[in-house]
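Please examine the sequence and the structure shown here before reading on. The report then describes selected parts of the fold.

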Amino acid sequence: MVQNRFSSRQKHCCHSLAAASALIVASLAQTALAAEPTVDDVKAAEADFDAGREAYKAGDYVEAAEHFESADGHAPNEKVLELAISARDKAGNKDRAATLAQLGLETYPNSERLKKIAAPLVDSAHAELLQITIECSEACSLLDGTRIVHGPPAERWIIFLTPGDHTIRAGWSGERTLSQNVTGNAGDTAQLTFTAPPVPKSGAASAQASTNGADTGVRSSTRVLPPLYTYIGAGATAVLGGVTIWSGIDTLNNPGADKVRTACRNNQPSCDTLYNQGRDAQTRTNILIAATSVVGAATAVVGLFFTDWSGKKKTEESVSVVPWVSYDGGPAAGAMGRF
């Protein structure tokens, strides 16, 4: 059931968030002077922050975290990163909250405010999660499976993962990527080292690098999809989002909480029917929310790591890549095919 009220703790969070909003938006402009993001970057950061603030106030902490992380990516900002950490923590994403907390401690070592929220998360992560230290020969970006690890490219990363098996992919400029597998239990530590492949100098050199990669397990480039796939994914995400909104509204109004309560309170024969109808509608909405999130994540991964935005035509007839999504045991997304 959806209730139009907040607990006292939620009210306190929302009031604190609202009080900080003006300061954060103003500081985004100040960040532009320090880190020199473009005007468009600052505008995008402000838009993402506003969306994150609304999602946070509504209690949708996963969506809030994604918007705050995006805002921090456009224009790095201490207070926005702090909100992203808090949103991940409230959403129960302990591994991602701890990774963001570690990033915050390294990026803003003199921030006492950030230490108060980040240090306890990192301390608990040492006992509850798998800690991975990653060294790259050149500043790299990271993926954990199909999830982007938030943060600017760096030569050294410390990230926290849920116990179990993981595939870590490092990426560099020039469409270069490498992957390694890692596994561990709660409290374990591990270290990975990535040596960036050389930048392809020409089409012939790139083809030779790809051939060599088949022998060594290294592929110099995975950007083989035309932008059309990303556009299709974005369109599918928008359609699913619209259907999800309709389903949510329908769940609230058909049959509606008041109608169910009245029927059940008066022991009417329709009580069970109305209750089951409402429960089924709620389940449908939850599935649509999950599907929208998965398709959106798959579109982001395909756009960032598999799409060739240069406009160059691929001459290899053997190239065939298809994005995929799954919700068997939890949302998952990726791509498969021949390269």
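The sections below treat a pair of helices and the nonpolar cores.

## The model

The structure is a predicted model.

## Helices α8 and α10

Helix α8 spans residues 227-253, helix α10 spans residues 271-306, and the two pack with their axes 9 Å apart. The angle between them is about 160°. Since angles over 145 degrees count as roughly antiparallel, α8 and α10 are therefore described as roughly antiparallel to each other. The crossing of α8 past α10 is left-handed. In the contact between these helices, 12 residues are nonpolar, 15 are polar and 2 are charged.

Although A236 and V295 lie 59 residues apart along the chain, their C-alpha atoms are separated by 7.4 Å.

In soluble globular proteins, nonpolar side chains tend to be buried together. The largest nonpolar core of this model consists of 29 residues, and F68, I85 and F160 have the most contacts inside it. At least two residues of this core come from each of α2 (39-57), α3 (61-74), α4 (78-90), α5 (94-107), α6 (112-128) and β3 (154-161). The greatest contribution, 6 residues, is that of α4.

Beyond its neighbours within four places in sequence, F68 is in contact with F49, G52, R53, Y56, V80, L83, A84 and A87. Another core, of 18 residues, lies apart from the largest one and includes I132, W157, I168 and L192.

Key: Residues numbered from 1 in each chain as written. Predicted model: local features only at pLDDT ≥ 70, side-chain atom pairs only at ≥ 80, totals over all residues. Heavy atoms only, no water. Axes fitted to C-alpha atoms, helices over the stretch in contact; angles between N-to-C directions. Helix = DSSP H or I, 4+ residues; strand = E, 2+ residues; numbered from the N terminus. Parallel < 35°, antiparallel > 145°, perpendicular 65-115°, else oblique. Left-handed = near helix turned anticlockwise from the far one by under 90°. Nonpolar A, V, L, I, M, F, W, Y, C, P; charged D, E, K, R; others polar. Core = buried A, V, L, I, M, F, W, Y, C linked by side-chain atoms within 4.5 Å. Buried < 20%, exposed > 50% of the residue type's maximum accessible area, 1.4 Å probe, protein only. Contact = heavy atoms within 4.5 Å.
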